[in-house]
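Colleague: I'd like to learn how to read a few features of a model. Could you take me through them one at a time?

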Amino acid sequence: MDKINILWADDEIELLKPHILFLREKGYEVQTANSGDDALDLVKEQNFDIVFLDENMPGISGLETLIQIKQIRQSLPVVMITKSEEEHIMEDAIGSQISDYLIKPVNPNQILLSLKKNLENKRLIREKTSSAYQQEFRSIGMTLSDRLSFEEWKEVYQKLVYWELELTKSKEDGMEEILRMQKTEANTQFSKYVASNYQDWLNGKDPDAPLLSHTLFKEKIVPEMDQHPSTFLVLIDNMRYDQWKVMQPIISEYFKLESEELYCSILPTATQYARNAFFAGLMPSEIEKRYPKHWLNDEDEGGKNLHEEFFMEEQFKRLGKDIKTSYTKVTNHQAGKKLAENIPNLMGNKFNAIVYNFVDMLSHARTEMEVIRELADDEKAYRSITVSWLEHSPLMDILKQISQKKARLILTTDHGTIRVTEPSKVIGDRNTNTNLRYKQGKNLNYEKKDVYEVKNPADIYLPRQHVSTGFIFAKEDMFFAYPNNFNYFVNYYRNTFQHGGISLEEMLIPYITMSAK
């Protein structure tokens, strides 16, 4: 490993020889400067790992030197050393992005501690994070070999996401690869669990049944709404739990977290099914039966999510709620800005539903557009671009306004999404739907080990378009591909984000309640 190169600038540098000798004995390279000008010349000529800078030097001051150093090398850590404890000097230094602040006289151990804090902190955090995950890896691995309940599956997924984010922060690439393998194993077991239990959940035969899309309004949203004068439900389409966790610090500047839960999306984990069930409080076949004019099947022409407001109003009526509501769907930036302007007019409503489609558009655009494909190449980048969008979107303005009016905020989604990597061949007729994670059609031909098959859609409360229509759902990170142009198709869609099938990422999704700070 290369020696760490230190620049120490002080007009009384001769008095600091014992400190400099101490650092050299510890294996550090130390160069010195007697003034701010000399220090700047050295910074321009050489690469330093850190600068110790006296605040009170003749000529240009330490603070002026600091500002110019940052203009030359913005990321270079600078430790300010001064005799003065005046508050305004500290504030000026901190405002100019110092990495540490020491008061004279300094002793060698203070210097050493500052070096470790600024130069070795990331390494120490990385090693600690790696060690901690290695211990958790064994624990999670043992858990996955058990027969887990739904609550236990939620805990496993939350742990996996926690460690995924921690390892990303620490840039521990080796451990990230191990975690990816463990997540793959978890999805294999979770897919088997869902295939074995899903039908029983829907038919009331499993006391372990989770909270599902069509029960969320009745079980969670309405009781929450009843306790507050005004509630805003913000449904960010296609938002995964890990995306919520990276957005949480930004939103938490304005809201206090009251509860964080995971509920389960119905199958298919696709907008047409999951979101309609969410707003209607009914499973898809029940919606088709009760509101035949408002339900379109995959083969039918036209938009499949045009009646959510109607479904929501009908559900409120069934639940005995005669209240003033609003429903707004945001599908582009301009619509978001328009809604932000209208927020004050919605404050008088008991309940306001906002469906924000950006994350869904991003996941689809990533498939279609080469630039987006490069920007969101993996989960890490996908999370990063989601955070960047939130910080600069009208939604942030909307959330700030809601917090200022002290309204209640419910933040959730209708399904998640998974990065697909493994193709699974399927053959169907021309009326088979195009989704890569589920197929509905007659006489489907497929790899049985890759799917959860439902030959009678009524068994899981899905509409049946034809007598011989069945459904198949891709497990784990599979995606369906036709034998025609197979290689081209696989290369085009591999590593894209898709939804509709069975995975932790698609099915275990966040339900968050927050109050204004």
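Colleague: How are α6 and α16 oriented to each other?

Modeller: First, the ground rules. This is a predicted model, where local features need pLDDT of at least 70 and side-chain atom pairs count only at pLDDT 80 or more, while totals for chains, interfaces and linings use all residues. Residues are numbered from 1 along each chain as its sequence is written, and side-chain values use heavy atoms, with hydrogens and water left out.

Modeller: Now the general idea. Helices (H or I, at least four residues) and strands (E, at least two) are DSSP runs, numbered from the N terminus. Axes are lines fitted to C-alpha atoms, for helices over the stretch in contact, and angles run from 0 to 180 degrees between N-to-C directions. Under 35 degrees counts as roughly parallel, over 145 as roughly antiparallel, 65 to 115 as roughly perpendicular, and the rest as oblique. Here, α6 (residues 150-170) packs against α16 (residues 379-392) at about 85°, with the axes 11 Å apart. The two helices are therefore roughly perpendicular to each other.

Colleague: Which residues make the contact?

Modeller: Contact means heavy atoms within 4.5 Å. From α6 come E164, L165 and T168, and from α16 come E379, K380 and R383.

Colleague: Thanks! How should I read aromatic pairs, and how many does the structure hold?

Modeller: Rings of Phe, Tyr and Trp (its six-membered ring) pair if their centres lie within 6.5 Å; planes under 30 degrees apart are stacked, over 60 edge-to-face, and the rest tilted. The structure holds 32 such pairs. One of them joins W153 and Y193: the centres are 6.1 Å apart and the planes at 40°, so this pair is tilted. Because W153 lies in α6 and Y193 in α7 (residues 173-202), the pair ties together parts that are 40 residues apart in sequence.

Colleague: Is W153 buried or exposed?

Modeller: Buried means under 20% relative accessible area, exposed over 50%, partly exposed in between (1.4 Å probe, protein chains only). W153 has 3% relative accessibility, so W153 counts as buried. Y193, at 10%, is buried too.

Colleague: And how do the rings of Y382 and F497 pair?

Modeller: Their centres are 4.0 Å apart and their planes at 15°, so that pair is stacked. Y382 sits in α16 and F497 in strand β18 (residues 497-498), so parts 115 residues apart in sequence are tied together. Both Y382 and F497 are buried.

Colleague: Which residues do ring pairs link into a cluster?

Modeller: F150, W153, F190, Y193, Y198 and W201.
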